[in-house]
Amino acid sequence: MKVLIVEDEKALLDSILTYLTEDGTLCETAADFLSASEKIALYDYDCIILDLGLPDGDGLSLLKEIKQHSKSDGVLIISAKNSLDDRLLGLEIGADDYLVKPFHLSELKARVVAIVRRKNFNGSKIIHFNEIKIDLSSFNVLVNEAQVVLTKKEFDLLVYFLANKTKVVSKNAIAEHLWGDEMDIADDFDFIYTHIKNLRKKLLEAGSKDYLKSVYGIGYKFGVI
């Protein structure tokens with residue numbers, strides 16, 4: 001997977017770069033409008049992580065350039081602007097998704113992977129992980145070709161874990177990904193444990209290997225240990 005990170009805030013740029021490259025993702029960076037425009041004109045990317053607030057230009061103008069040249073690169077807008085108008089305009093121009101700062105890096109990675117999955121599979125939205133098969137368009141989950149019935153939260157949780165497989169995901173990141181602002185009213189993370197326990201139980205009963213492990217004091221990790 002090849003990703004271009006367009007972000008002028010150095011600390012955030014470095015954090016995203018480090019996180020994404022840990023699992024072998026090929027990343028390039030641009031800290032301003034001009035250099036981003038030059039890279040996009042010269043190269044193709046699976047996904048472009050695009051900040052709207054650039055020092056020498058507007059990220060939405062850069063998005064327009066991408067679409068005017070009929071490029072197929074996926075685009076994830078990241079911005080501190082939590083304006084509905086900005087979101088709608090970005091999506092109308094052709095962005096694939098929109099993420100408001102601040103965000104968890106695991107959430108960013110999940111969004112990028114989801115965009116790349118959709119692009120790479122020409123709309124079929126199929127995810128394979130060993131004996132597990134997920135159809136994102138129909139919300140079907142199969143283990144060894146046998147269907148597993150999950151709730152919407154369990155389904156979203158499984159996709160999120162697969163998007164971040166082999167990485168430790170914090171309980172707070174899981175809560176924000178699945179519940180957004182609603183997590184602020186929760187007294188603890190017991191509700192996350194319940195969903196994870198149910199998901200794990202259903203996968204094991206269907207014949208899946210036990211990929212979901214608890215990392216004491218931090219969160220959870222999904223993948224071959």
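Predicted model: local features only at pLDDT ≥ 70, side-chain atom pairs only at ≥ 80, totals over all residues.
## Cysteines

A residue is called buried under 20% relative accessible area, exposed over 50% and partly exposed in between, using a 1.4 Å probe and protein chains only.

Residues are numbered from 1 along each chain as its sequence is written, and side-chain values use heavy atoms, leaving out hydrogens and water.

If you are wondering about disulfides (pairs of cysteine sulfur atoms within 2.5 Å), the count is zero. For Cys 27, the closest cysteine sulfur is that of Cys 47, and it is 10 Å away, too far for a bond.

## A four-stranded sheet

Let's turn to the strands, which are DSSP runs of E with at least two residues, just as helices are runs of H or I with at least four, both numbered from the N terminus. Four of them form an open antiparallel sheet in the order β8-β9-β10-β11, where strands pair if DSSP finds at least two bridges between them. β8 (126-129) and β11 (146-148) stand at the edges with a single partner strand each, so one side of each has no neighbour in the sheet.

Within the sheet, β9 (residues 132-135) and β10 (residues 140-143) run antiparallel and are joined by four bridges. Lys 133 stands opposite Leu 142 in β10.

## Aromatic rings

Rings of Phe, Tyr and Trp (its six-membered ring) pair if their centres lie within 6.5 Å; planes under 30 degrees apart are stacked, over 60 edge-to-face, and the rest tilted. There are five such pairs. Phe 161 and Phe 222 are stacked, because their ring centres are 6.1 Å apart and their planes are at 15 degrees. Since Phe 161 lies in helix α6 and Phe 222 in strand β14 (residues 219-222), this pair ties together parts 61 residues apart in sequence.

Phe 222 is buried at 1% relative accessibility. Tyr 211 and Phe 222 make a tilted pair, 5.7 Å centre to centre with 40 degrees between the planes. Together, Phe 129, Phe 161, Tyr 211 and Phe 222 form one aromatic cluster.

## Charges over rings

A charge sits over a ring if NZ of Lys or CZ of Arg is within 6 Å of the ring centre and within 35 degrees of the ring normal. Lys 2 does this with Tyr 45, at 5.0 Å from the centre, and Lys 167 with Tyr 19, at 4.3 Å.
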